[in-house]
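Biologist: Before I use the labels in this model, I want to know what stands behind them. Please set each value against its definition.

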Amino acid sequence: MEASEGTDDFIPAGLASLGIEADEVDLAVMAAVHQIFWPPILELLTLDTSEVVPERNPDLSQAPR
Amino acid sequence: MSAALDLSLREQAAAIAAGDVDPAELLEATLARIEQRNPALNAVVETFPERSREMLAAAPDGPLRGVPIVIKDEWPLPWRAQRFGAAELPVPTSPAESGPYLALRDAGATIVGVGNMHELGAGSTGNVSVYGPCRNPWDTERCPGGSSSGPAAAVAGRLVAGAVGADGLGSVRFPAAYCGLTGLKPTFGRSAMAGHHMALVTNLIVSGPLCADAADCRLLGSVLFGEDLAAGDAAGLRIGVVRDPVSEDVTPEVREACDAAIEDLRAETGGEVVEIALPDLEAATVAAILIINSESLNGTTVEGLNRLHPDLSPLARGTLKYRSLLPASAVVQAQRVRTLMRRRLAELFEEVDVIAWPTIPAPAPPLEVPMVELPSGTTTADQANVRGAALANLTGIPSISMPVGLSSERLPLALQLQAAWGRDELLLDTAEALERANGRRWVESKPPLAEAETTGV
């Protein structure tokens, strides 16, 4: 699905489900942000991380254990 | 007193300790210089001379006694709540003794002003702020970098010799790069953060020093870390370079300057350059953006989103609302990518000591249109810049940006080095080695505004 197609549903539906109000300017900004960020988010979700065992409460000050 | 104003941070500290400079005179001269130069920069958004004089009067005999410092509008002070460059924050704030404030106070420093910043910390350019855009001392029609725009412009314009910034997604390193400074993004958790409105929820944001060179960053960094960042030796440095879009999709001038700096560094340290692979850097960037965006929702309510301050920029309003729609599945995947990248880095840092690539793919863009031209095409500076910065925040490793040249338009170019967790000192050692290699040419370059003749200040 192209980001531009998804914007039509994703943003209004998401806002409505959460009860967040948005005017025309808000919607225009959100559509622009969506165009930029949604494709890489979808790409991120396709990355196979099944072999990655997540760190429990990772300590970012140190190398992973 | 004009000469004292133009000393390095460590020279100011030493001159005061030796009795060669009166810190009260230095404070007044600094305030006068801010008054003189700041209108062209909008780097300092508030001064409080009486508070500064009180700090100086009560200053202990610490490593920065009497040295004027600017702090980013990201932490509260006992007399002022942070505004985060915005008309309103998602969470309430109030004046307080923040961690960076206490570190500076206990070191004897004098906080002379609050530095401008990109609105809500959400930009690499510094051209959007409730206080108005901050300007780059190298060209006041150019972006100073963000989000620590004011601290960087204040140091580059020689209003002060050192400033405290914050780095959640490159926000110390971008303005350091655009303004020709050295900026350290510490290992996560090593530098003072208390009092930041996201301190208890973030795994990405750290405080960090912005100064002219590495030795000054070492001094101010030691204060922020609360421990001595001892000088060491970068001999035999193993420099990892990655040949992928982060390193390659940059302007020819950036590529040339960074390649030359890496070779200078190799020769100076008697080290070696090792080509390494670091897959999934783009996924790491998206992961970092997702995590910091979800962290920034802390304390945000639907009611709050429906009553945003009218003076928030349209971009901030829309972005805040968009963040609330980010899918949890993507944030969970981002956490897995973080683990993946941390493990890969742990293995890579067995092979190399530092990983080098350009801090910024192109020099500072115009304030009015912050776009950059890259080999891959024209894009926003934000989209281009974040690719090189996010990894350090995502994984917690330290990173440093240092000046390595000037473009044909006399705008700074910068190299970034990243090291393993806790090896902040090595980055400073390495930056100093590079300064030796190039004869300190770039750290001593000054923008026209800082070279300008002044009348006693």
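Biologist: Which residues in α14(B) meet which residues in α15(B)?

Modeller: This is a predicted model, in which local features need pLDDT of at least 70 and side-chain atom pairs count only at pLDDT 80 or more, while totals for chains, interfaces and linings use all residues; side-chain values use heavy atoms, without hydrogens and water. Residues are numbered from 1 along each chain as its sequence is written, with chains lettered from A and ligands numbered from 1 in the order in which they are written. Arg338(B), Met341(B), Arg342(B) and Leu345(B) of α14(B) meet Leu391(B), Leu394(B) and Thr395(B) of α15(B). Contact means heavy atoms within 4.5 Å, and helices are DSSP runs (H or I, at least four residues), as strands are (E, at least two), numbered from the N terminus.

Biologist: Why is α14(B) called roughly perpendicular to α15(B)?

Modeller: The axes of α14 (residues 328-351) and α15 (residues 381-395) of chain B cross at roughly 95 degrees and come within 9 Å. Axes are lines fitted to C-alpha atoms, for helices over the stretch in contact, and angles run from 0 to 180 degrees between N-to-C directions. Angles under 35 degrees count as roughly parallel, over 145 as roughly antiparallel, 65 to 115 as roughly perpendicular and the rest as oblique. Therefore α14(B) is roughly perpendicular to α15(B).

Biologist: What makes the pair Lys321(B) and Ser324(B) a polar contact?

Modeller: The backbone oxygen of Lys321(B) lies 2.6 Å from a polar side-chain atom of Ser324(B). A polar contact is a pair of N or O atoms within 3.5 Å; within protein, one must be able to donate a hydrogen and the other to accept it, and residues adjacent in sequence count only if both atoms are side-chain atoms. Ser324(B) sits in the loop between α13 (314-323) and α14 of chain B. Leaving aside neighbours within four places in sequence, Ser324(B) is also in contact with Leu18(A), Ile20(A), Leu297(B) and Leu305(B).

Biologist: What makes a space a cavity, and how many are found?

Modeller: On a 1 Å grid over the protein atoms alone, a cavity is a set of points where a 1.4 Å probe fits but cannot get out; lining residues have an atom within 4 Å of a point. The search finds 2 cavities of 30 Å³ or more. The largest cavity holds about 60 Å³, and α15(B) gives the most to its lining, with 4 residues. The second largest cavity has about 40 Å³, with α16(B) giving the most to its lining, 3 residues.

Note on methods:
On a 1 Å grid over the protein atoms alone, a cavity is a set of points where a 1.4 Å probe fits but cannot get out, and a pocket is an open set with protein on both sides within 12 Å along at least five of seven lines; lining residues have an atom within 4 Å of a point. Grid points are joined across faces, edges and corners, and a volume is the space filled by probe spheres set on the points.
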